Amino acid sequence: MAIRNWVVIVSLATILATAASAQGQRKIIIDQDAAGPGGTDMQSILALINSPDTDVLGITVLTGDAWRDEEIAHTVRLLEIIGRTDIPVFPGAVFPLVNSKESMAKWETLFGKVIYQGAWNYAKGHEVHGPYEIPPMPEGAPSIKAATEDAVHFLVRIVHQYPHDITVYAAGPMTDLALAIALDPHFPELTKELIVMGGSINPVTDDPEFSFTPKREFNFWMDPEASHAVLHARWPRVVLTTVDISVKTRMDKTLIEQIAKSPNPAAKYVAKYAEANILWDELAAVAWLDPSIITKSQKLYIDVNVDHGAGYGDTLAWAPGRQPVMSENLVEVQQDLDKEKFYKEYVDLLTRPTPRSRATSEPRK
């Protein structure tokens, strides 16, 4: 009897400890253009899921670096690999509100070529394809599917369920968020904060994508009207990781080798599919987890040019006192970082064991 009582006590203590830990976690929605396998999109998703401090309520996926349906397949396959199929994936927008591959082709005849257009002109490891095709996947096809609920309705529903308690992490085009605002204008107000990887102000780089067009950044450019709507909405707080700070980072051979030493599935996945590149989305994710990584920031008014002339999709920025009358949000724009601290925490996140499924997770719909 004494042993049985002791087992009950230990089990109850474990349950209470798990519940307390879950209550202390930071609730987050990942809104991502999830090209894969590997790369900045998937590596940022992994960093957020692998943190013991996060409760990832869902991943909303929209067209950006690749087409939505292909990205969804890579995302659910990633969740299978790391054993986190409890995290639901919601299908988002396939196309921008106004911009399109066809209209951009016409724009280019007047104003010149746009080097990087994501799904429209780039395909990782295969030919550029149509919006609903899913090419063979190097990591293997998934056995599970996305949720039946769409991203926009999920976003609105979940912030009403947890008002003022959810961080929205947006590292792709802004279409899903703009549609959520159109569905429910109170959506931004009900969040805790918006964390964005996007925009380019005055980056110091010889990257040809930015050297002659420094204000053109893909996430804001692909759907300028959506970016404009999101940046004018009433969020409690907006933090922005721009090209300017991102280009100070790089996923190099040394980092990949460090990650490859871990036996955990997330690390094996990254080591197999990682490429040398700027840590765009990863910086936004890790700096949200540990803001002390950022050593310098500035509050600016930020907007996106929606005039269909030569500056269409460009990032616009003003210091306080110089902004247009209609600008509503002061945005916390990151400017510099402690690179060594960032790299260490980034490697730690990708090499640690992935936390087990949430005990309170909702069933996949």
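**Largest pocket**

I began with the lining of the largest pocket, which I sorted by class into 18 nonpolar, nine polar and twelve charged residues. For this I counted Ala, Val, Leu, Ile, Met, Phe, Trp, Tyr, Cys and Pro as nonpolar, Asp, Glu, Lys and Arg as charged, and the others, Gly among them, as polar. I note that this is a predicted model, in which local features need pLDDT of at least 70 and side-chain atom pairs count only at pLDDT 80 or more, while totals for chains, interfaces and linings use all residues. Residues are numbered from 1 along each chain as its sequence is written, and side-chain values use heavy atoms, with hydrogens and water left out.

The pocket holds about 790 Å³ of space, and of the 39 residues that line it, Thr40, Asp65, Tyr116, Asn277 and Trp280 lie nearest its centre. Two or more lining residues come from each of helix 2 (39–50), helix 7 (208–211), helix 8 (218–222) and helix 13 (280–289), and helix 2 gives the largest share, four residues. Helices (H or I, at least four residues) and strands (E, at least two) are DSSP runs, numbered from the N terminus.

I wrote down how such spaces are found: on a 1 Å grid over the protein atoms alone, a cavity is a set of points where a 1.4 Å probe fits but cannot get out, a pocket is an open set with protein on both sides within 12 Å along at least five of seven lines, and lining residues have an atom within 4 Å of a point. Grid points are joined across faces, edges and corners, and a volume is the space filled by probe spheres set on the points.

**Cavity**

How many cavities of 30 Å³ or more does the structure hold? I found one, and the space in the largest cavity is about 40 Å³. Its lining has seven nonpolar, two polar and one charged residues, including Phe95, Pro96, Met222 and Asp223.

**Salt bridges**

I then searched the whole structure for salt bridges (a side-chain nitrogen of Lys or Arg within 4 Å of a carboxyl oxygen of Asp or Glu), and the search gave ten.

One of them joins the side chains of Glu149 and Arg157 at 2.8 Å, N to O. Is Glu149 buried or exposed? Glu149 is buried, with a relative accessible area of 15%, whereas Arg157 is partly exposed at 24%; buried means under 20% relative accessible area, exposed over 50%, and partly exposed in between (1.4 Å probe, protein chains only).

I also looked up Arg237 and Glu332, whose side chains meet in a salt bridge of 2.9 Å, N to O. Arg237 lies in the loop between helix 9 (224–231) and strand 6 (238–241) and Glu332 lies in strand 9 (residues 330–337), so this pair ties together parts that are 95 residues apart in sequence. Arg237 is partly exposed, at 32% relative accessible area, and Glu332 is partly exposed too, at 24%.

For Lys344 and Asp348 the salt bridge is 3.0 Å, N to O, and both residues lie in helix 14 (residues 339–351), four residues apart, about one turn of the helix. Lys344 counts as exposed at 55% relative accessibility, while Asp348, at 36%, counts as partly exposed. My last entry is that salt bridges with shared partners join Glu193, Arg237 and Glu332 into one network.
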